[in-house]
Amino acid sequence: AATGVPTRGAHAPRRRELLLGAAGATLGTTLGALPGAASAASIDTLKVMIGAIPCGVFDQTGRGIAASMIAAGTIRNATFENRGGAGGTIGLAQFVNTARGNPSALIVTGAVMVGAIEMGKPPVTLKNATPIARLFADTMILVVPASSPIQSLKDLIDRLKANPGAVSWGGGSRGAIDHILSGLIAREVGVDPTKVNYVAFAGGGEAKAAILGGHVTVGVAGVSEFAADVEAGRMRALGISSRFRLRGLHALKDQGVNVEIYNWRGVYGAPGITPEQRKTLTDAVVKATEHASWKETLRRNDWGPFLLTGDEFGRYVDAESTRLGGMLREIGVIK
């Protein structure tokens with residue numbers, strides 16, 4: 001489980017928002033400073049690679065941190081490229097091959113990409129890029145449709161113990177944190193994690209439709225993915241994977257299931273940049289995380305601040321590779 005994540009205060013926004021920072025980012029390919037924004041930027045135009053389709057959390061991360069960098073005055077403009085597929089590793093390969101030596105380039109990364117690298121063993125990995133900063137931790141949530149006879153986490157666990165294959169778990173890509181969480185829960189309650197019936201979906205919309213339609217038993221995603229549906233009464237929350245005080249939801253640990261895990265996101269720079277260029281880029285990102293617009297992005301999306309920079313972040317990712325790889329082997333995703 002991730003450690004060092006500070007407890008956050010309770011809050012309860014009433015609708016799902018795609019908050020991209022005070023600079024007013026859109027889902028276009030460019031973003032520029034608004035009139036009156038700080039002008040003493042250390043970087044003119046930031047190029048952001050997002051290894052996922054628009055509107056998901058990777059996309060929100062890239063556009064959100066760029067908007068806050070503009071608001072904080074550390075960059076003037078930003079451009080974005082979405083290159084989804086293979087857990088972000090397709091975008092990573094393109095980034096490494098095309099951005100080499102570019103001190104004004106970032107790629108969004110996270111636990112999903114680390115897991116995808118462990119599974120696919122691609123020729124290009126995060127070892128080929130430059131660690132800049134881990135940004136936040138995303139708490140996972142378990143949900144069922146409101147019409148489900150499953151009323152509690154205990155009901156779900158009882159069904160899982162009785163017939164593991166009859167409980168289908170709907171979430172993101174195979175081997176993602178969603179998948180790992182289902183395996184960890186199974187292991188914790190005495191069920192063989194390789195027996196977990198996990199159904200992978202390409203995107204949040206597809207997963208949500210399957211959950212609401214009763215096509216899977218339980219859904220797994222970041223809290224912000226399903227928060228609006230829970231609050232509107234379309235879904236029932238069974239528990240969350242952290243001890244954050246989020247929307248009055250109950251942690252798995254508080255319900256007797258000793259599992260805690262986070263889906264973190266961060267950014268890497270291009271290969272071949274100098275130590276001075278790396279410091280400039282890192283300082284620009286860190287200053288953005290201190291800006292009110294970024295803090296509001298965290299609050300509205302139920303993301304916990306989880307900042308770690310430079311070589312420390314690189315060592316953390318190395319440890320995550322070992323940890324997540326071990327979990328993926330345990331649940332039978334990789335040999």
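Lys208, Asp229 and Arg234 are joined in a network of salt bridges. The model is predicted, and the count for it comes to 17 salt bridges. The points below cover some of these pairs and the largest nonpolar core.

**Salt bridges between separate elements**

- Asp138 pairs with Arg265, with the closest N and O atoms 3.6 Å apart.
- This pair links distant parts of the chain, since Asp138 sits in strand β5 and Arg265 in strand β10 (residues 262–269), 127 residues apart.
- Both Asp138 and Arg265 are buried.
- Arg278 and Asp311 meet through their side chains in a salt bridge of 3.1 Å, N to O.
- Arg278 counts as buried at 18% relative accessibility, whereas Asp311 is partly exposed with a relative accessible area of 49%.

**Salt bridge Lys121–Glu118**

- The side chains of Lys121 and Glu118 form a salt bridge at 3.6 Å, N to O.
- Lys121 is exposed, with a relative accessible area of 53%, while Glu118 is buried at 12%.

**Nonpolar core**

- The largest nonpolar core has 105 residues, of which Leu142 and Trp169 touch the most other members.
- Strand β5 (residues 130–145) gives the most to this core, with 10 residues.
- Leaving aside residues up to four places away in sequence, Trp169 touches Leu142, Leu156, Leu160, Ser182, Ile185, Val196, Asn197, Tyr198, Val199, Val218 and Val220.

Conventions
Residues numbered from 1 in each chain as written. Predicted model: local features only at pLDDT ≥ 70, side-chain atom pairs only at ≥ 80, totals over all residues. Heavy atoms only, no water. Core = buried A, V, L, I, M, F, W, Y, C linked by side-chain atoms within 4.5 Å. Buried < 20%, exposed > 50% of the residue type's maximum accessible area, 1.4 Å probe, protein only. Helix = DSSP H or I, 4+ residues; strand = E, 2+ residues; numbered from the N terminus. Contact = heavy atoms within 4.5 Å. Salt bridge = Lys/Arg side-chain N within 4 Å of Asp/Glu carboxyl O.
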